[in-house]
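Please look through the sequence and the model before reading on.

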Amino acid sequence: MMIRFLKKVFPPMLGLLTVVASHAASPGGRALYRKECASCHGKTGEGVKDKYADGLHGDWSLEKLTRYIERNMPEDDPDKINGPEVEAVSRYINDAFYSREARAKKNPARIELVHLTNLQYANAVAD
């Protein structure tokens with residue numbers, strides 16, 4: 001009876017352990033970006049003068065960005081990264097500096113305070 005139970009439970013657990021191990025073994029998007037992309041695109045996507053001078057920012061969806069990276073990057077060997085690695089890199093690029101939201105977090109709007117003149121202050125208090 002116990003053997004029958006183990007035969008039913010153990011194979012699915014083995015599959016789960018394989019999936020968990022494969023995710024743990026693949027490096028994160030940030031590490032992959034720094035290893036494979038930063039030499040041409042800069043540490044924070046700002047661009048590199050003699051390779052790719054434009055910064056990495058735009059309005060493509062995450063899916064479109066992922067497809068583009070999977071088909072075209074790195075330029076010298078587009079098949080170098082694929083599958084979950086491409087998804088991790090594109091998610092990192094999108095969240096770190098590509099999307100509008102990422103750029104807004106990186107460079108928040110500047111708030112400037114101005115001083116009122118005596119006449120402006122008097123008018124403001126009077127109002």
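Leaving aside its neighbours within four places in sequence, which residues is F97 in contact with?

## F97 and its surroundings

F97 lies in helix 4, where helices are DSSP runs of H or I with at least four residues, strands are runs of E with at least two, and both are numbered from the N terminus. Beyond the four places on either side in sequence, F97 is in contact with Y33, T44, G45, L56, H57, Y92, A102, R103 and K106, contact meaning heavy atoms within 4.5 Å. F97 counts as buried because its relative accessibility is 5%; buried means under 20% relative accessible area, exposed over 50%, and partly exposed in between, with a 1.4 Å probe and protein chains only. The C-alpha atoms of F97 and G58 are separated by 9.3 Å, although these residues are 39 apart along the chain.

## Basis of the model

This is a predicted model, in which local features need pLDDT of at least 70 and side-chain atom pairs count only at pLDDT 80 or more, while totals for chains, interfaces and linings use all residues. Residues are numbered from 1 along each chain as its sequence is written, and side-chain values use heavy atoms, with hydrogens and water left out.

## The chain as a whole

The chain has six helices and zero strands, so that its elements, read from the N terminus, run α-α-α-α-α-α. Of the 127 residues in the chain, 21% are buried. Among contacts between residues at least 6 apart in sequence, 47% join residues at least 24 apart.

## Helix 4 and its packing on helix 2

In helix 4 the buried residues are V86, V89, S90, Y92, I93, N94, F97 and Y98, and they pack against helix 2, helix 3 and helix 5 (100-106). The axes of helix 2 and helix 4, lines fitted to C-alpha atoms over the stretch in contact, come within 8 Å and cross at roughly 95°, the angle running from 0 to 180 degrees between N-to-C directions. Helix 2 is therefore roughly perpendicular to helix 4; angles of 65 to 115 degrees count as roughly perpendicular, under 35 as roughly parallel, over 145 as roughly antiparallel and the rest as oblique.

On the helix 2 side G29, R30, L32, Y33 and C37 take part, meeting E85, A88, V89, Y92, I93 and F97 of helix 4. One of these, Y92, is in contact with G29, R30, Y33 and F97 when neighbours within four places in sequence are left aside. Y92 and G28 are 64 residues apart in sequence, yet 8.5 Å apart in space, C-alpha to C-alpha.

## The largest pocket

About 500 Å³ of space lies in the largest pocket. A pocket is an open set of points on a 1 Å grid over the protein atoms alone, where a 1.4 Å probe fits and protein lies on both sides within 12 Å along at least five of seven lines; lining residues have an atom within 4 Å of a point. Its volume is the space filled by probe spheres set on the points, which are joined across faces, edges and corners. The lining has 22 residues, of which H41, Y52, L56, Y68 and M73 lie nearest the centre. Helix 2 (29-41), helix 3 (62-72) and helix 4 (84-98) are the elements that give two or more residues to this lining, and helix 2 gives the most, with six.

H41, placed in helix 2, counts as buried because its relative accessibility is 12%. Not counting residues up to four places away in sequence, H41 touches Y33, E46, G47, V48, Y52, L56 and M73.
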